[in-house]
Amino acid sequence: MSITKKVLAQNISQKLGLSQKDSLFFVNSFFRALTVNNKSAININKFGTFSYKKTPKRIGRNPKTLKEFKIKSRQRFTFQPSDKIKKTIN
(Lines give C-alpha, C1' and ligand atoms only; values in the text may rest on other atoms or scores of the structure.)
Protein backbone atom coordinates (compact mmCIF):
# COMPACT_ATOMS: atom_id res chain seq x y z
CA MET A 1 0.00 0.00 0.00
CA SER A 2 1.31 3.41 -0.96
CA ILE A 3 1.18 6.25 1.51
CA THR A 4 0.27 9.58 -0.02
CA LYS A 5 1.08 13.00 1.39
CA LYS A 6 -2.56 13.36 2.38
CA VAL A 7 -2.52 10.11 4.39
CA LEU A 8 0.79 11.08 5.97
CA ALA A 9 -0.68 14.45 6.97
CA GLN A 10 -3.74 12.73 8.46
CA ASN A 11 -1.52 10.46 10.56
CA ILE A 12 0.49 13.42 11.83
CA SER A 13 -2.71 15.30 12.57
CA GLN A 14 -4.09 12.41 14.64
CA LYS A 15 -0.87 11.70 16.53
CA LEU A 16 0.01 15.32 17.36
CA GLY A 17 -3.44 16.84 17.59
CA LEU A 18 -2.75 19.39 14.84
CA SER A 19 -5.21 20.53 12.22
CA GLN A 20 -5.01 18.75 8.89
CA LYS A 21 -4.07 22.01 7.19
CA ASP A 22 -1.10 22.51 9.51
CA SER A 23 0.08 18.92 9.18
CA LEU A 24 -0.21 19.04 5.37
CA PHE A 25 1.84 22.26 5.43
CA PHE A 26 4.47 20.44 7.53
CA VAL A 27 4.62 17.49 5.09
CA ASN A 28 4.87 19.77 2.03
CA SER A 29 7.57 21.85 3.70
CA PHE A 30 9.59 18.73 4.49
CA PHE A 31 9.49 17.48 0.90
CA ARG A 32 10.23 20.96 -0.45
CA ALA A 33 13.32 21.13 1.79
CA LEU A 34 14.49 17.78 0.42
CA THR A 35 14.10 18.77 -3.22
CA VAL A 36 15.52 22.30 -2.93
CA ASN A 37 18.73 21.18 -1.21
CA ASN A 38 20.35 19.25 -4.06
CA LYS A 39 23.97 20.21 -3.29
CA SER A 40 24.51 18.30 -0.05
CA ALA A 41 23.09 15.30 1.74
CA ILE A 42 20.37 15.68 4.35
CA ASN A 43 21.00 13.44 7.35
CA ILE A 44 18.16 12.81 9.81
CA ASN A 45 19.55 11.24 12.96
CA LYS A 46 18.37 7.63 13.56
CA PHE A 47 16.32 7.72 10.34
CA GLY A 48 18.59 7.96 7.33
CA THR A 49 20.26 10.11 4.70
CA PHE A 50 18.67 11.71 1.63
CA SER A 51 21.07 12.65 -1.15
CA TYR A 52 21.43 13.17 -4.90
CA LYS A 53 23.64 10.99 -7.06
CA LYS A 54 24.71 11.88 -10.56
CA THR A 55 24.29 9.04 -13.05
CA PRO A 56 26.72 9.00 -15.97
CA LYS A 57 25.58 9.26 -19.58
CA ARG A 58 25.30 5.88 -21.23
CA ILE A 59 24.06 3.99 -24.26
CA GLY A 60 20.54 2.54 -24.07
CA ARG A 61 18.88 0.06 -26.37
CA ASN A 62 15.28 -0.43 -27.45
CA PRO A 63 14.68 -4.14 -26.74
CA LYS A 64 12.15 -4.49 -29.55
CA THR A 65 14.11 -2.88 -32.40
CA LEU A 66 17.62 -3.18 -30.87
CA LYS A 67 18.22 0.45 -31.90
CA GLU A 68 20.77 2.20 -29.69
CA PHE A 69 20.39 5.73 -28.33
CA LYS A 70 22.17 8.01 -25.88
CA ILE A 71 20.80 8.49 -22.35
CA LYS A 72 21.79 11.82 -20.83
CA SER A 73 23.48 12.18 -17.45
CA ARG A 74 21.01 13.06 -14.71
CA GLN A 75 20.61 13.42 -10.97
CA ARG A 76 18.90 10.69 -8.99
CA PHE A 77 17.40 11.10 -5.53
CA THR A 78 18.47 8.36 -3.10
CA PHE A 79 17.73 7.37 0.48
CA GLN A 80 20.06 5.37 2.70
CA PRO A 81 18.21 4.14 5.82
CA SER A 82 19.95 4.10 9.19
CA ASP A 83 20.76 0.85 10.98
CA LYS A 84 17.88 1.48 13.41
CA ILE A 85 15.36 1.72 10.56
CA LYS A 86 16.80 -1.40 8.90
CA LYS A 87 16.40 -3.36 12.13
CA THR A 88 12.83 -2.11 12.56
CA ILE A 89 11.84 -3.11 9.03
CA ASN A 90 13.54 -6.50 9.10
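Is Phe30 buried, partly exposed or exposed?

1. Phe30 is partly exposed, with a relative accessible area of 32%. Here, buried means under 20% relative accessible area, exposed means over 50%, and partly exposed lies in between (1.4 Å probe, protein chains only).

2. A word on the model. This is a predicted model, where local features need pLDDT of at least 70 and side-chain atom pairs count only at pLDDT 80 or more, while totals for chains, interfaces and linings use all residues. Residues are numbered from 1 along each chain as its sequence is written, and side-chain values use heavy atoms, leaving out hydrogens and water.

3. Phe30 is part of helix H2, residues 20–36. Helices (H or I, at least four residues) and strands (E, at least two) are DSSP runs, numbered from the N terminus.

4. Ile3, Leu8, Phe30 and Phe31 make a nonpolar surface patch of about 330 Å². Patch residues have over 30% relative accessible area and no salt bridge; like charges are joined within 9 Å, nonpolar side chains (Val, Leu, Ile, Met, Phe, Trp, Tyr) within 5 Å. Accessible areas come from the Shrake-Rupley method with a 1.4 Å probe; for residues, only the protein chains shown count as cover.

5. The structure has one salt bridge. Glu68 forms a salt bridge with Arg61, and their closest N and O atoms are 3.0 Å apart. The term means a side-chain nitrogen of Lys or Arg within 4 Å of a carboxyl oxygen of Asp or Glu. Glu68 is partly exposed, at 48% relative accessible area.

6. Arg76 sits in strand S5, residues 74–81. Arg76 is partly exposed, at 36%. Beyond its neighbours within four places in sequence, Arg76 is in contact (heavy atoms within 4.5 Å) with Ser51, Tyr52, Lys53 and Thr55. Arg76 and Lys53 are 23 residues apart in sequence, yet 5.1 Å apart in space, C-alpha to C-alpha.
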